[in-house]
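Biologist: Before I rely on a model, I would like to learn how its features are read, one after another. Could you take me through this one?

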Amino acid sequence: STNGRIWKLELTDPGDPTQATLSLLVEGDDSPLAATDAAASFAEIHQPDNLETTPNGSLLVTEDPSSGNTYALPAGENKTEARIWLVDLDAADPDAARTTVAKVDQSADESPTDLDAAAAAKLGVWESTGIVDASSVFGAGAFLVTIQAHSLWLEKQIVSPEDDPGPLKRGFTRKREGGQLVLLRIPGA
């Protein structure tokens, strides 16, 4: 699988867990990686990562675009950051019944808090991950999501070869990257 897929497992006999069907729920592989034509990659799911169901019968999906689905700056038509998708599980065609409900904002990359020497990362290097229903605490439609800001270095330490605790004594760079825990509200979810 290149862009990723979401499979659906249905137990057909509640008394026998070996009786089940497996089908494709969301197809992400009908376009090549990092395609930028409107009919392809922009509308394609990119490496579905974590899933959460909602009380109204929807599925929330976080994207981890991976190195294969990153886009040169600037953002714009047919180029996208990591996203959170809502898939309507009651739709006749869930692959067509999906919408983007949030996008990861990478604008802090290269801000004054960013300590790496590299240029701004491509769109999609940051990922949305770990979505959890938080409605019991924050009300209907509330979810907690983490954002992993892989190119936002908040702390950097270079360990010299002589201080490397490993047997090869190569040295390494230790980093602490940025990220957030986000409260996301999705009305009707």
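Biologist: What share of the contacts in the protein chain with a separation of 6 or more is accounted for by residues 24 or more positions apart?

Modeller: Bear in mind that this is a predicted model; within it, residues 24 or more positions apart account for 53% of the contacts with a separation of 6 or more. The chain comes to one helix and nine strands, and read along the sequence these follow the pattern β-β-β-β-β-β-β-α-β-β. Its C-alpha atoms fill a box of roughly 60 × 40 × 35 Å along the principal axes, and buried residues make up 37% of the 189 residues.

Biologist: Is Asp114 buried or exposed, and where in the chain is Asp114 found?

Modeller: Asp114 has a relative accessible area of 10%, and because buried means under 20%, Asp114 counts as buried. Its place is in the loop between strand E6 (98-103) and strand E7 (127-133). Leaving aside residues up to four places away in sequence, Asp114 touches Ala108, Asp109, Ser151, Leu152 and Trp153, and a polar atom of its side chain lies 2.9 Å from the backbone nitrogen of Glu110.

Biologist: Is Ala117 buried or exposed?

Modeller: Ala117 also belongs to the loop between E6 and E7, but its relative accessibility is 78%, which means that Ala117 counts as exposed, the cut-off being over 50%. Between the C-alpha atoms of Ala117 and Trp153, which are 36 residues apart along the chain, the separation is 9.3 Å.

Biologist: Which side chain does Arg83 join in a polar contact?

Modeller: The side chain of Arg83 is joined to that of His46 by a polar contact of 3.2 Å. Arg83 lies in strand E5 (residues 83-88), and its 1% relative accessibility is why this arginine counts as buried.

Biologist: What about the backbone: what is the phi of Gln47, and what is that of Lys169?

Modeller: As a rule, most residues other than glycine have a negative phi. Gln47, although not a glycine, has a positive phi of about 50°, and Lys169, also not a glycine, has a positive phi of about 55°. Gln47 lies in the loop between strand E2 (20-27) and strand E3 (48-53), where its 22% relative accessibility makes Gln47 partly exposed. Lys169 is placed in the loop between E8 and E9, and with a relative accessible area of 42% Lys169 is partly exposed.

Definitions and conventions. Residues numbered from 1 in each chain as written. Predicted model: local features only at pLDDT ≥ 70, side-chain atom pairs only at ≥ 80, totals over all residues. Heavy atoms only, no water. Helix = DSSP H or I, 4+ residues; strand = E, 2+ residues; numbered from the N terminus. Buried < 20%, exposed > 50% of the residue type's maximum accessible area, 1.4 Å probe, protein only. Contact = heavy atoms within 4.5 Å. Polar contact = N/O pair within 3.5 Å; in protein donor to acceptor, adjacent residues only side chain to side chain.
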